[in-house]
Amino acid sequence: MNGLTFDIAHLLAGGLVLVSFMMLYQDRLFALINVFALHAIVLALSVAWQAYIQDAHHLYVTAAIALIFKALVIPVGLHRIIHRLGIHRDIETAVGIGPTMLAGIGLVTLSMVLMLRVTPEADPLAREDLAFALSIILLGLLVMVTRRNAVSQVVGFMSLENGLVLAATGAKGMPLVVEISVAFSILIAFIVIGVFLFRIRERFDSVDVGALDDYRGERR
Amino acid sequence: MSVVALPLWGVAALLGTAIAAVAIGRRGSATQLVYGATLAISAVVLVIVTGELVGDPAGVSAVTLPLGLPWIGAQFRLDALSAFFLLVVNLGGAAASLYGLGYGHHEPAPGRVLPFFPAFLAGMNLVVLANDAFSFLLSWEFMSLASWALVMAHHREQDNTRAGYIYLVMASFGTLALLLAFGLLAGLGGTYTFDAMRAAEPSQFVAAAVLGLMLLGAGSKAGLVPLHVWLPLAHPAAPSHVSALMSGVMTKVAVYGFIRVIFDLLGEPAWWSGVVVLSLGGLTAVLGILYALLEKDLKRLLAYSTIENIGVIFASLGLALAFKANAMPSAAALALTAALFHVLNHSFFKSLLFFGAGAVLTATGERDMEKLGGLIHRMPLTSFVFLVGCVSISALPPFNGFVSEWLAFQAILQSPDLPQWGLKVMVPAVGGLLALSAALAAACFVKAFGITFLGRPRSAAVEHAHEVDRYSLAAMFALAALCLLAGILPGLVIDGLSPVTLSLIGNRMPVQLAQPWLSIVPIGESRSSYNGLLVFVFIAISASLAAFVIHRFASHALRRGPAWGCGFPDITPAAQYTAVSFAQPIRRVFGTFAFRARERVEMPPPGATAPARLDVEVHDVVWETFYQPITGAIGFATEKLNHLQFLTIRRYLTLVFLFLVTLLLVLALWP
């Protein structure tokens, strides 16, 4: 493998991790969604680069899916949802930014140490890719855990899925059908969650999941 | 078509009957139809396997059906051992069906019994036929679940749901142990056919672990102490003909599983495995019969006595293991024959006794012996066959119980030839325990018969009792006749068992039918021999002679005088011996250490008019030692974990996340 292609792939995947970090400290919903759109764009670039260096044309389709759905359709949809719910002024701080960033750093370290340890024989590109993908998945989970608003939990979930796509494209020979089915399942999850958001909103006048807990009569 | 296909067709027919029973369960004629069908099927299979055992004893036929695990299929096999146990299962099944033809009419909810009865029979047949671990475990669970459904047939009665629950827990535990045992036997290669397991040579450690797991798995189903707790609860809870099947037959299927794995699949045993099985058997025998002695519920008494008999069987199996390990094949064959003979005998007389208890239950509605009594005048035929069962199970000649226990003691007398000192000391000690349990069993069944059938009625229900129907009587008389036949013609049974010992031990007892006058000679004429027929003829002649002399020479005048009431002024039925008072001396002797029994007499102060009280406190030591800590720990843990059910969504997410991170950390730090 020549050094430049590797470096570019490395750069794009690392950029994805960086954007994940950016997600951690967004305390406004619009900003969060914009960062998510950026996340999807970087993912699309990364996948397209993979398609180019692996000479796998079907990966261009994946990249296109990522670009169209994740960078455009879903963020626009989320924007509209937020407008209709009227929560664009909400600020949420479930866990402070400092500790969250520290936890994120810890998670990235963990996934690096782990992946580099368990895949010594693998292709170096795939190896780096897997390590970055695991970091992105863990950071997505972290977003889900630290947020209280249902919309931002959805965003965390989507960014987690981006990590999965990155891992899948980094490995050579993953059939297109798998990626498409993953993409569609995410889309369906988005629709279902969107419907649920409105349902929750109708019933509780809020999409703060804490309202659900209050409804169940439990302590937080 | 190979021979194994015939009993498999029988199983299919039984399953078909079970499904049909669901459809027609509500009709009035369903009872007749279902039990008639199971009787016919069991009888046909019985004839087939008997023919196989006698006609082609060394024959092995196997078949693979395209079911079960895809790469091995469902394998079934009929050899001498499974043929013998099929005989036990189907003989018990035929008898229970015949009994059910009459008894089933008293069933309040036949829809809860009829579908499961054939399914239960089918499950037991399948366990015995299975030739790979998957089919075995599946059939085993099927048998357990079908019998569980039968235990729960009268689920509204007090304590039955608890019995069903404990049975279910213990059955799952037992299956888990079996699963692990087969996993170990299959090894890392994971070949789950019995043929592959038979060919493999497991290491010492694996063999020991498999023995322990089989003792847990098969032992919990058979009722080995301390895994017996479910048995006296569940067996009596079912309808009586099912109780008979569970006690008389299902415990034998568990014994089959043990023999199949330990004697057949595991290869050469270690000498100490004999010690383990022996001592568990001896302990089970004595504790089982002590529990039975303290019991006043007739069906529970019978269930506890089942535990004792399982103890006798396992002690004989342990002996066979010890002899087999020390390359003493003739002694091993003797011990194994004793065990298998007792399996057959116990299925006869325990079914008979449970049928008798069922007859008493239908006639009076009572299981509590303290409310029975005097039934011999109202149910003469039932009491006669019950007496035959009691005599057989007490191991009195000329009936069958004596022969198998005598053979077991003959095997114990071979123990001085064993090389290991552990066994030399252990075997006579277990022999002592078995002798003790045999004596206690006799006392127990004197109590069971005496309190139930003799004396004067203790409740109004007994006064109006009537003899039961023809079918029930026919089933009981058939079993009583078998008890007598196996007792006076034991050579026939011993020779019938020879192919089984030949295949498992590689040796057999000497041919008994060649002996003159139908004697049996287990080792040599000089050491011991027994002739049941002679004893029977002697008893018959001397008894008729005595009867003749009395009737001929004694006075014919009938005199009725007042019974001597030990100075008690008001002679009511309550002044008779009761089940508890009969057992009191034995409770005094053994109860203090076996049950931590305490007696307290509270005398009123002089001048007070209050009656004196005698309080007896009896503990179930096994339950309190082994089970209460477990139930307590589980209760504590569930209480602590309960609030985990009511967390917020974010906390659940956090838990999942933290768990994932922990796992990753472990993976990262693992050296």
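**Burial and overall fold of chain B**

Of the 671 residues in chain B, 51% are buried, where buried means that 20 or more other C-beta atoms, placed from the backbone, lie within 10 Å of the residue's own. This is a predicted model, in which local features need pLDDT of at least 70 and side-chain atom pairs count only at pLDDT 80 or more, while totals for chains, interfaces and linings use all residues. Residues are numbered from 1 along each chain as its sequence is written, and chains are lettered from A and ligands numbered from 1 in the order in which they are written.

Overall shape
- Chain B has a radius of gyration of 26 Å, which agrees with the value near 26 Å for a compact globule of 671 residues, the rule being 2.2 Å times the number of residues to the power 0.38, over C-alpha atoms.
- Along the principal axes, the C-alpha atoms of chain B fill a box of roughly 95 × 70 × 60 Å.

Secondary structure
- Chain B has 24 helices and four strands, taken as DSSP runs (helices H or I, at least four residues; strands E, at least two) and numbered from the N terminus.

Helices α1(B) and α4(B)
- The axes of helix α1 (residues 5-24) of chain B and helix α4 (residues 116-129) of chain B, which are lines fitted to C-alpha atoms over the stretch in contact, come within 8 Å and cross at roughly 155°.
- That angle makes α1(B) roughly antiparallel to α4(B), a term for angles over 145 degrees.

Notes. Buried ≥ 20, exposed ≤ 12 C-beta atoms within 10 Å, placed from the backbone. Axes fitted to C-alpha atoms, helices over the stretch in contact; angles between N-to-C directions. Parallel < 35°, antiparallel > 145°, perpendicular 65-115°, else oblique.
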